[in-house]
Amino acid sequence: MSADEFDVDIERMFAQTPRMADSELFASRVEARLASGSRLRAVALTAAGLIGGVFAVRESMNFDFSLSSGQAQTQTQTLGQGLEAAGGGANDVVRAVVDQIGLSDMGMGSMGGMQLFWVVAATLVFIAAAGVVKLSQEA
Amino acid sequence: MPRSLLDQHDVELAALAAAGGRREFGELVRRHGSAVRALLRRMGAQASEADDIAQDAFLTAFQRCGEFRGDGTFAAWVKRIAARLYIKRKARDARYVEESAQEEAAPVIDRGRLMDLDEALKTLSPVERICVSLCHGAGMSHPEIAAAMNLPLGTVKSHVKRGLDKLRARLAPEQVESGRAVHVSG
């Protein structure tokens, strides 16, 4: 047997790996870690979105403006920018909620503003919870 | 009718895994898990350590599945990932560098006993074992091994050669004997 032949022989021996008895268990462990990683990522993203949403709403509360006043356009833009930072679509959600409950002409620093805050926060929590449930079902 | 996972080629499964298919990736783990774990053990990892690193290697492979183009085999690709993870871990410990500096005792050759590869690998120094396993088990070139282990190319070649000489002495002693006989008579 030459040295080259021995090299080939060594590679053949390395390639021969009998299937281990616990290979199924090993595969299940890898799959479990993949699933848990996916769930963790979903929860982290949801939590980040939720925190961002609440933060954006809180920031918007710092502006004492009325949507029916002459400054409405500028203030709406500010509100929209804040909500965009929290993740897409929140601006439309807030507007829809405001219109539905008839708070579109109320001052944000008033009691109505506080109600609006809690309504929006509750909506975001609901959406986030629904997202977590859906993602955990898919995982 | 959709094909069963068992009927699909590694490249197809890898493509589906790259799109987030965990079931498809699970099938790849079933197919190649033993080979990856065996390579790590041959490199010198203890069984539990080998399993941990193999799991990490497969998780890394899942995240990077989109990079697998099917140029080589999927098993070889994951083996390289696993081997690099093992080297990183060993480099952190810096044990194999220290151990490689030590002169190990000459292996006692029991020629009457049939030795298998796993037993023969135990006669190599840790760094020789890693170099030979990377070269012949993971299919890495000498420059790739040198880069992965942060060693000079010449050193890697020496480790591989010495390791192979020792393996030859264990696994094919008749070749060593005949080589010596030729050398003496010449």
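Helix α7(B) is largely enclosed by the rest of the structure, because 11 of its 12 residues are buried; a residue counts as buried if 20 or more other C-beta atoms lie within 10 Å of its own, as exposed if 12 or fewer do, and as partly exposed in between, with C-beta atoms placed from the backbone. Helices (H or I, at least four residues) and strands (E, at least two) are DSSP runs numbered from the N terminus. The buried set runs through V127(B), E128(B), R129(B), I130(B), C131(B), V132(B), S133(B), L134(B), C135(B), H136(B) and G137(B). Just after the helix, G139(B) adopts a positive phi of about 70°.

The model is predicted: local features need pLDDT of at least 70 and side-chain atom pairs count only at pLDDT 80 or more, while totals for chains, interfaces and linings use all residues. Residues are numbered from 1 along each chain as its sequence is written, and chains are lettered from A, with ligands numbered from 1, in the order in which they are written.

One partner of α7(B) is α2(B), and the two pack at an angle of about 150° with their axes 8 Å apart. Here axes are lines fitted to C-alpha atoms, for helices over the stretch in contact, and angles run from 0 to 180 degrees between N-to-C directions. The pair is therefore roughly antiparallel (over 145 degrees; under 35 is roughly parallel, 65 to 115 roughly perpendicular, and the rest oblique). On the α2(B) side the contact uses L39(B), R42(B) and M43(B), and on the α7(B) side R129(B), I130(B), S133(B) and G137(B). Contact means that C-beta atoms, placed from the backbone, lie within 7 Å. By class, these residues are three nonpolar, two polar and two charged; Ala, Val, Leu, Ile, Met, Phe, Trp, Tyr, Cys and Pro count as nonpolar, Asp, Glu, Lys and Arg as charged, and the others, Gly among them, as polar.

Turning to chain B as a whole, the secondary structure comprises 10 helices and zero strands. Of its 186 residues, 41% are buried. Among contacts between residues at least 6 apart in sequence, 64% join residues at least 24 apart.

Chain B also meets chain A, with 22 residues of chain B in contact with 19 of chain A. The elements of chain B giving two or more residues to this side are α2 (22-43), α3 (47-63), α7 (126-137) and α9 (153-171). The largest share, nine residues, comes from α2(B). This side of chain B has 10 nonpolar, seven polar and five charged residues.

Note on methods. Contact = placed C-beta atoms within 7 Å.
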